[in-house]
Structure formats: structure tokens, C-alpha cells
Amino acid sequence: MADAKALMTGKRGLVMGVANDHSIAWGIARMLALQGAEIAFTYQGDAQAKRLRPLAASVGSHIVLRADVEDDASLDDAFASIRKEWGALDFIVHSIAGSDKNELRGRFVDTSRANFKLALSVSCYSFIAVARHAAELMPSGGALVTLTYLGASRVMPNYNVMGVAKAALEASVRYLAADLGRDGIRVNAISAGPMRTLAGSAVGDARTVFKWNKAHSPLKMSIGLDHVGGAALYLLSDLSAGVTGEVHFVDAGFHVVGMPPTADLKGWIAPENGISESESDKELAAKENA
């Protein structure tokens, strides 16, 4: 059995998508570093690089590379730099998604063609492109993890086109797992519950969603960076050597709930097409007595 105090010793990997110290990607990177991993990071723009560099230094990383996932040449350059520096990779964390935040409000049916393409390209295709590069740097096998959300399979308020993009991402996880399994490369996703991150704040009424999930999840708790970091540690370490193609939920069990206990709904009045419950009951009684 692997040493529980050094699960990632001797492993090198790339973490993509750290925006600040509240990012899910940072929670994962921090956990992996604590378990002995050497980590490289990528950023998209100068503002992100400014926030990322001191975080990378805090976990002993000296490899911080520019990588725009919508620019093939930029991705090529980033992975070429990693090949030159390390020669190979053991794992990759993909925590990248994007949409016009104005289209995460209102109706999904009003999604523009331009933003549909953007959301699918940044949130889904980027993982496929990264996996293709990873396969070339994992001759002895490895592990990939991406981040998804329950909105991929259930309608969630103000998530709109991102739900479709995450659904495509989850399907991609399965197809990539099938393609890369023969090379010993495992591909999985983590579906984290609502968290107070920069990306999460872009979703309308985020605070209400946080409170609702905490109140109605089986564990009655909010999800933190260490919860997701621990799950990623499992999926990227040898502890999950037989696991691939999975969507692993870290949401305090919220995804299993169909409806909260009725005791939790006290004070809530169910509308019936604008007719109160008492009026509806009266109409039903009148029909039965007719």
C-alpha cells in the first residue's frame, strides 16, 4: 500500500486554472504539494499570472507558464516547455471554464451562438486538447482530472449554457477514458458542490444556492477546498489505480436528493397556477359532490 504520508512523492504534474487562493484548482494543488508532488502551473493573462506566481512559489514551484486554451500555438508552447523541463508528466488538473456571465442569467433558450461556441470551446474542448498533449508526455501512464458540476445533469438556476458545456465535458471524460486507458492513462472528473470561488460568484444568486445546498444536503455542510483537494488526491494517486471514466461527486451528498424532507419546507406555500391550496381543495370537493 502507498505511504499515506507521501502519496505523490516522485510525481510531477500540471495544474491549470488557478485564479487566486480561493480557486478549486489551488485547493487541489496545495493538497498535492503537501503529499510530495512537484507542480507546474499555467495562466492565461498577466493579471492571473500576478496572483499565481506567489502561490506557486509557496509550494516550491518554479514552472509558471502562459497557456491560452483557445490558442493551439500557446498550448503547444506550454507543453513543449514542460517536456524540456521535465521530460514527462504523471498527472494534470484541468479547472478551466468560461462563458459570458450576462448569459448566465435569464433563459437558456436565449443563449447566443457566439457564447455557445465560447462555452463549449473553453469548458470542454480545452480538456480534449490538453488530454492529447498529456498522452504524449505520459509514456508510463498517468491521470487526468477535470472539474464539473451537477448542472451537467440537472437544471440549475442561472447556469444555462454552462450546464450544456459541463454535460459535454462529462461525456468527453468517458470517451477519453476509453481512448487513453490502453496507455495506462486514467481520466476522471470531480463534481464539486457550490463553492465561494471567483467562478462561482459569476452565477446569479450564488449566495442563495450556497445556503440551499448546505441546508438540504445529507451532510448539512458547505464544501471547502480541502474536500475537493482530498478527492483529487485520491483520483490522481495510486489509490485509484483501477478507476477511470468516473464523475466523482464532492457535494455533501446533494446530488442524491430528489426533494428535501417536508419538515425542511415548513413555511413554503406551493403555488397551483395562481390558485391557493384552500381554493383548489374547495374546487375538488365541489366536483366530488356534483
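Mentor: Helix α2 is followed by Gly-60, whose phi is positive, near 75°. Helices here are DSSP runs of H or I with at least four residues, strands are E runs of at least two, and both are numbered from the N terminus. This is a predicted model, where local features need pLDDT of at least 70, side-chain atom pairs count only at pLDDT 80 or more, and totals for chains, interfaces and linings use all residues. Residues are numbered from 1 along each chain as its sequence is written, and side-chain values use heavy atoms, with hydrogens and water left out.

Trainee: How far apart are the end C-alpha atoms of α2?

Mentor: Helix α2 has 13 residues, 46-58. The expected span is 1.5 Å times one less than the number of residues, so α2 should span 18 Å. That agrees with the distance between its end C-alpha atoms, 19 Å.

Trainee: At which residue does α2 bend?

Mentor: A bend is the angle between axes fitted to the seven residues ending at a residue and the seven starting there. In α2 that angle is about 30°, and Pro-54 follows within four residues of the bend, which is at Leu-52.

Trainee: Against which elements do the buried residues of α2 pack?

Mentor: Buried means under 20% relative accessible area with a 1.4 Å probe, protein chains only. The buried residues of α2 are Gln-48, Ala-49, Leu-52, Leu-55 and Ala-56. With contact meaning heavy atoms within 4.5 Å, they pack against α1 (24-34), β2 and β3.

Trainee: What is the bridge partner of Tyr-43 in β3?

Mentor: Strand β2 (residues 38-43) runs parallel to β3, and three bridges join them. In β3, the partner of Tyr-43 is Arg-66.

Methods:
Two strands pair if DSSP finds at least two bridges between them. Buried means under 20% relative accessible area, exposed over 50%, partly exposed in between (1.4 Å probe, protein chains only).
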